[in-house]
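User: Can you take me through this one? I'd like to start with pockets, then aromatics.

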Amino acid sequence: AAAAAAAAAAAGGGMQAEQQTNTNLTYKAGVKQRLGDQLGADLLLAKKRKNVKFYNRLINKYARLKEPAMSIRIFNDIQKNGMHPTKWTWGCLINAFCMNGNPARAERLLTEMQQMDLPVNWVIATSIIKAKSNAGELRPAAAMMERVEREVGIPPSVRTFNAILRGCLRYGNPQLATALYHDLITRGLLPDASTVDVMVKTYAQDGLLDAFLPLLHNLPSLSHVREGALAIAASAAALGGEREEARVIAEAVVSGGGGERGG
């Protein structure tokens, strides 16, 4: 009797799981259908407006809804209606795939854009570099930063460096983070609070806060960066149980060792 009850309970549990799966599939199909209907209505309205900027907003809208394939349909519809995508349109489409974790497709679209004699810019490049970094493609992201600099003749900004540094934190690569940080400083760029935050956390998660101290000494004398470094370093070390190390780092920053350059 007990065995029969257990078998019945197991069968009942299996049926419930199957019903839940079917319910989820039905719900997802319904959401997809509603999105498709909404896209159809949006494309009809866009066709009447004949405004590329409106199409750009639609591409962004469906990117946020995690539907880059629909963003492609919108992009293709521009040319069907006798208009031409601008560099901003291409940027919106490329970003749609970056936002949804497909840097490879985004980079292929960038190549297509350049074949249309539309040059790359740092806004679009940083979007792809960020997506590569989020996917753990840290070396390719850094290589792309170097390649784009050669192509556009303009150096990357701190924002672009920070995109790769966040990937170094996420995937535990303090060696690359250090090389990028030195490159940033050598270029005369000023690390911002986000740069310091990521660098300290990257070192802290590997128990290397003492190795970060010399880098902290080279920070520019910007009060918000120094104060941020103090708070983040102390917090990171304390979370790791290294309270004495946190105190030493805090004293080094407060005394001015972490901020002054030259005379």
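Analyst: Terms to begin with. Helices are DSSP runs of H or I with at least four residues, strands are E runs of at least two, and both are numbered from the N terminus. This is a predicted model: local features need pLDDT of at least 70, side-chain atom pairs count only at pLDDT 80 or more, and totals for chains, interfaces and linings use all residues. Residues are numbered from 1 along each chain as its sequence is written, and side-chain values use heavy atoms, without hydrogens and water.

User: Which helix gives the most to the lining of the largest pocket?

Analyst: Helix 4, with 8 residues. A pocket here is an open set of points on a 1 Å grid over the protein atoms alone, where a 1.4 Å probe fits, with protein on both sides within 12 Å along at least five of seven lines; lining residues have an atom within 4 Å of a point.

User: How many residues line it, and which lie nearest the centre?

Analyst: The lining has 19 residues, with Asn95, Val123, Thr126, Ser127 and Arg159 nearest the centre. Helix 4 (87-99), helix 6 (122-134) and helix 8 (158-171) each give two or more.

User: On to aromatics. How many pairs?

Analyst: The whole-structure search finds 1 aromatic pair (ring centres within 6.5 Å, using the six-membered ring of Trp; planes under 30 degrees apart are stacked, over 60 edge-to-face, the rest tilted). The ring centres of Phe75 and Trp90 are 4.8 Å apart and their planes are at 65 degrees, so the pair is edge-to-face.

User: Are those two buried or exposed?

Analyst: Phe75 and Trp90 are both buried, meaning under 20% relative accessible area with a 1.4 Å probe, protein chains only.

Methods
Buried < 20%, exposed > 50% of the residue type's maximum accessible area, 1.4 Å probe, protein only.
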